[in-house]
Amino acid sequence: MEFEQAWLDYSRKCSCEGTDGIEAVFVGIADDRQDILIKNSVAELQRAFVGLFGRELAVHTGAPVGDGICLALREGMQAEAYHIYEDGGKISIEASDSRGILYGVFALLRHMQTENSLRGLNLTKAPVMPMRMLDHWDNMDGSIERGYSGKSFFFEDNEILVNDRTVTYARLAASVGINAVVINNVNVKDAATWLITERYTDKVRALSEVFAGYGIKMYLCLNYAAPMELGELASADPLAEEVRGWWKKQMAFVFREVPNLGGFLIKADSEGRPGPFTYGRTHADGANMLAEAVAPYGGKIIWRCFVYNCQQDWRDEKTDRARSGYDNFIGLDGTFLDNVILQIKNGPMDFQVREPVHPLFGGLTKTNQMLEVQIAQEYTGQQRHVCYLIPMFREILAFHTYVAKECDTVEDIVCGRTFGQKNCGMAAVANTGNDENWTGHDMAAANWYGFGRLAFEPELSAEEIAREWIRLTFGREEQVEETLLYILMTSWRAYENYNAPLGIGWMVNPNEHYGPSVDGYEYSRWGTYHRADHLGIGVDRSGAGTGYALLYREPNASIYNDKERCPDKLLLFFHHMPYTWKLKSGKTVIQHIYDTHFEGVEMVDEMVERFRKLQGKLPKKPYQRMLERFLHQKEHAREWRDQINTYFYRKSGIADERGRKIY
Ligand code: GCV
């Protein structure tokens, strides 16, 4: 398929000083250490050189003779790290392990394509987050929950697919440093419950071996009630001996059959999924039981904290969904086994365009933690609107939790700097499908690329990452680069402007979560309310309200609790405010709503106008594909603007100071 190579498309010729003399790869690695990763590394170099420079690279084992690229293992480097350097025309890639060699090869190729010269190159990098994971919400019937780019490429008709696309996927993921992939949806039902049984082991193993060749551990999602649903036991009580025995046996089987299995991701007691609550047990009982069963094989249990009451009554103002993850898990801090990692969504609600950071970050001090973000843009335009999320992720990572005097940011926690943990990192709900370009909107691939790069090197700026992605994907034409960069870097702000205001979130059409519906979730059971009336809007989460604001460490708690000090962008998340309240910006809440919504549409108009000038400069097909989506976004942003402005104009009766058209 055309465009299937995404940022690994080597078909565009490349000129980079210092590459002329490179005719060979010298594999200075003993035969018994030349594993599949080394072979794939060499193959990647060969493939790239044919495409980029029209040259076949010879492969020699042993010491280099003349110029070329030398791969060598050496002691003393951090796991997965690489050192690349140029010396008199010879390029060396050194690492302690073959994963490091593979990452070094991808880094060298990236450098060749994005920079002008290899002269003097000297680059040492070690991945900062130990776990860099993609969570796919793919169902075995081939559908993808919250998937916006076609069907699954892992499953079709309850079978597992292993083909060329799987290999390309693994190359793309590894090229940005992904080292763990969960292939199936956290909502495990039907056939997926059987993934751990002999019905599927041959194919699960085959798929996991493709991943192994690119340094990626495979993970599966488990059905907590599997002992019952597979028809073998009457209970799934984690403290019952027969249940514990069942899991031990099943895990012995699956790890023997699938050696590249990393472990399991579990959604329990959430949105109707089974879990330990049924038996009066805790999440720790549930997670630890599984952790014991996988420990002999080095397996990990990743347990999600997305747990809340999804049967709330909208009249109940005391129950607060935002508190729920914290309230469910904080009392269990320190009781999880060492191979359990809690996976915590970035915010307390659900991947909205703006949320505060989840208070479990900084709350938990004795538990392994992973940050979960979503690059599938469920609430941020579903890969029809462009919304580059790396700036958001960087803000989240930079958040000070005040859990320690130093090293207290979310990044510090999930990199293991705060508590010295090794089982930690970052996971993204994936945005890929079997669409030709993987991600529906071509520009959504920047989120996939960016997530991996950020987890590997969180010190990179969102702009640096965007530039890399543009150069690798579309080449090095200046106008293309500057235009696409402008669009990416503007997109999150634009989307936030025409979306729900000041951190309140939701206001989307129920179920599908696309398009505006201000009261769509106002009277439902999901705990997602804005509480707007004719005088004001917002949820009182201060100490006088649900108390959520006080879950943070000081000074965050005091800042969020105080409407005078709470940052504007989160004001309505934390406080119910009159429309006439003056923000720090000097505008009233209502005028802010009007202004940002008009501005958001203007920003999209500007993005689209600039994009149109790339006609003829981008390949035809992606240009057309993107243009179609941009034109839809332009229209759809207006729909957001007009529905939101009209709603609040009619509710408040307050006119726009600038007299613009509101219906
Ligand atoms: C996989 C949200 C989504 C669900 C998703 C859930 C989760 O509620 O809308 O589709 O389920 O989050 O993260 O488990």
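Is T409 buried or exposed in this predicted model? T409 is buried, with a relative accessible area of 11%, where buried means under 20% relative accessible area, exposed over 50% and partly exposed in between (1.4 Å probe, protein chains only). T409 sits in the loop that links α10 (390–397) to α11 (410–415); helices (H or I, at least four residues) and strands (E, at least two) are DSSP runs numbered from the N terminus. Not counting residues up to four places away in sequence, T409 touches L397, A398, F399, H400 and T418, where contact means heavy atoms within 4.5 Å.

The model is predicted, so local features need pLDDT of at least 70 and side-chain atom pairs count only at pLDDT 80 or more, while totals for chains, interfaces and linings use all residues. Residues are numbered from 1 along each chain as its sequence is written, and side-chain values use heavy atoms, with hydrogens and water left out.

## Ligand site

The ligand is surrounded by 14 residues, the closest being E145, K267, R304, K345 and E378; a residue is near a molecule or strand if one of its heavy atoms lies within 4 Å of it. This shell divides into eight charged, three polar and three nonpolar residues. In that division Ala, Val, Leu, Ile, Met, Phe, Trp, Tyr, Cys and Pro count as nonpolar, Asp, Glu, Lys and Arg as charged, and the others, Gly among them, as polar.

| Residue | Distance to a ligand oxygen atom |
|---|---|
| R146 | 2.9 Å |
| E271 | 2.9 Å |
| D350 | 3.1 Å |

Taken alone, the ligand exposes 340 Å², and the protein buries 96% of that. Accessible areas come from the Shrake-Rupley method with a 1.4 Å probe; for residues, only the protein chains shown count as cover.

## Nonpolar core and buried positions

The largest nonpolar core holds 225 residues, of which W7, W247, F264, W303 and F648 touch the most other members. Helix α17 (residues 589–612) supplies the largest share of this core, eleven residues. A nonpolar core is a set of buried Ala, Val, Leu, Ile, Met, Phe, Trp, Tyr and Cys residues joined through side-chain atoms within 4.5 Å. In soluble globular proteins, nonpolar side chains tend to be buried together.

Leaving aside neighbours within four places in sequence, W247 is in contact with I196, L222, N223, Y224, A226, P227, M289, L290 and A293. A226 belongs to helix α5 (residues 226–229) and is buried at 1% relative accessibility. Beyond four places in sequence, A226 touches T193, W246 and W247.

Q343 is part of strand β14 (residues 340–345) and is buried, with a relative accessible area of 1%. Apart from residues up to four places away in sequence, Q343 touches M133, D135, L265, I302, W303, R304, C305, M370, E372 and A427. Of these, W303 is also one of the core members named above, and R304 is among the residues closest to the ligand.

Helix α8 (residues 321–329) has R321, A322, S324, G325, Y326 and F329 as its buried residues. These pack against α7 (283–294), β13 (300–304), β14, α9 (360–363) and α16 (571–574). Where α8 starts, a side-chain oxygen of D320 comes within 3.0 Å of the backbone nitrogen of A322.

## Loops and backbone geometry

The loop between α14 (478–498) and β17 contains L502, and W506 lies in the loop between α14 and β17 as well. Neither is a glycine, yet L502 has a positive phi of about 50 degrees and W506 one of about 55 degrees. L502 is buried, with a relative accessible area of 6%, and W506 counts as buried at 5%.

The peptide bond from E554 to P555 is cis, with omega near 5 degrees. P555 is located in the loop between β17 (536–537) and α15 (556–561).

G298, in the loop between α7 and β13, counts as exposed at 56% relative accessibility. The C-alpha atoms of G298 and L261, 37 residues apart along the chain, are separated by 9.3 Å.

Conventions. A polar contact is a pair of N or O atoms within 3.5 Å; within protein, one must be able to donate a hydrogen and the other to accept it, and residues adjacent in sequence count only if both atoms are side-chain atoms.
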